[in-house]
Amino acid sequence: MAAKILVVEDEADLGEMLRYNLEAEGHLVTVAVSGDEADAAVREATPDLILLDWMLPGLSGIELCRRWRARTETSRTPIIMLTARGEEEERVRGLSTGADDYVVKPFSMPELVARVRALLRRANPELVANHLKAGDIELDRLSHRVSRAGRDLHLGPTEYRLLEYLMRHPGRVYSREQLLDGVWGQDVYVDERTVDVHVGRLRKALNRGKEPDPIRTVRGAGYSFDERFAAAH
Ligand code: CA
């Protein structure tokens with residue numbers, strides 16, 4: 001089941017990046033670029049979670065948070081505040097206004113996605129898939145255990161995150177840059193060839209003997225989890 005997430009962010013690039021990464025996680029995302037637009041969106045359909053930027057044109061994040069908390073429909077909706085560095089006071093006010101969590105910009109995308117997942121899980125476990133299965137590969141997000149055809153696989157932390165990222169959308173092709181953003185985080189400086197190294201390690205851990213390789217290399221584009229593999233078995 002997909003979660004409906006409202007992203008309230010007036011910086012267009014950041015809003016789109018959040019949309020991209022949350023959609024990749026399987027959620028339905030709406031982006032509002034002003035306080036008024038956000039309030040209208042919430043009235044139209046109550047989201048399952050709200051990412052709320054603090055400094056907005058029109059209604060401020062604090063004002064929105066206060067309003068939503070006062071309304072029955074949104075009194076318990078998980079809200080994560082996005083604050084800029086140096087807005088310490090705002091942050092304290094935000095939490096006292098009823099936000100559940102906050103992240104300071106610039107933030108790491110994998111960390112934000114993990115926090116969204118944690119909050120959704122707490123609010124409504126049905127919205128988060130804890131178990132991913134594709135072909136004969138199974139991945140458990142709570143225990144971080146991965147198995148293939150019933151045998152436990154031992155993956156390093158990066159290979160685990162990489163597999164989890166690719167398994168969420170079999171058939172979708174990710175460029176090395178997208179994988180760096182989604183798996184490593186934007187702030188980390190890593191060469192794109194690092195992706196190839198970790199894909200190599202992942203394959204080695206996944207494939208035994210003549211087993212088919214679930215990771216597809218798409219020339220000139222990147223990598224994807226093979227959808228035919230995912231649909232088999
Ligand atoms: Ca802003």
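Author: The account below begins with the domain boundary and then turns to the salt bridges. This is a predicted model, in which local features need pLDDT of at least 70 and side-chain atom pairs count only at pLDDT 80 or more, while totals for chains, interfaces and linings use all residues. Residues are numbered from 1 along each chain as its sequence is written, and side-chain values use heavy atoms, with hydrogens and water left out.

The protein chain is divided into domain 1 (4-127) and domain 2 (131-232); these bounds come from an automatic or database domain assignment. Taken over C-alpha atoms, the centres of domain 1 and domain 2 are 29 Å apart. Where they meet, 14 residues of domain 1 are in contact with 16 residues of domain 2, contact meaning heavy atoms within 4.5 Å. About 1,100 Å² is buried between domain 1 and domain 2, and carbon and sulfur atoms give 41% of that area. Buried area here is the accessible area (1.4 Å probe) that two parts lose on being put together, summed over both. On the side of domain 1, Tyr20, Ala24 and Pro110 lose the most area to domain 2, and together they account for 42% of what that side buries.

The side chains of Arg117 and Glu164 form a salt bridge, with an N to O distance of 3.1 Å. Five residue pairs, both members at pLDDT 80 or more, are in polar contact between domain 1 and domain 2. A polar contact is a pair of N or O atoms within 3.5 Å; within protein, one must be able to donate a hydrogen and the other to accept it, and residues adjacent in sequence count only if both atoms are side-chain atoms. Helix H1 (12-24) and helix H5 (109-123) each supply at least two residues of the side of domain 1 that touches domain 2; helices (H or I, at least four residues) and strands (E, at least two) are DSSP runs, numbered from the N terminus.

Glu164 belongs to helix H6 and is among its buried residues, as are Tyr160 and Leu163. Helix H6 (residues 157-167) is mostly covered, with nine of its eleven residues buried. Buried means under 20% relative accessible area, exposed over 50%, and partly exposed in between (1.4 Å probe, protein chains only).

Elsewhere, the structure as a whole holds 26 salt bridges. In one of them Glu211 pairs with Arg151, the closest N and O atoms being 2.9 Å apart. This pair links distant parts of the chain, 60 residues apart: Glu211 is in the loop between helix H8 (193-206) and strand E10 (215-218), and Arg151 is in strand E9 (residues 151-153). Glu211 is partly exposed at 22% relative accessibility, whereas Arg151 is buried at 17%. Asp191 and Arg193 also meet through their side chains in a salt bridge (3.1 Å, N to O); Asp191 is partly exposed at 29%, and Arg193 is exposed at 60%. Arg203 forms a salt bridge with Asp213, with the closest N and O atoms 2.6 Å apart. Because Arg203 lies in helix H8 and Asp213 in the loop between H8 and E10, the pair ties together parts that are ten residues apart in sequence.

Notes: A salt bridge is a side-chain nitrogen of Lys or Arg within 4 Å of a carboxyl oxygen of Asp or Glu.
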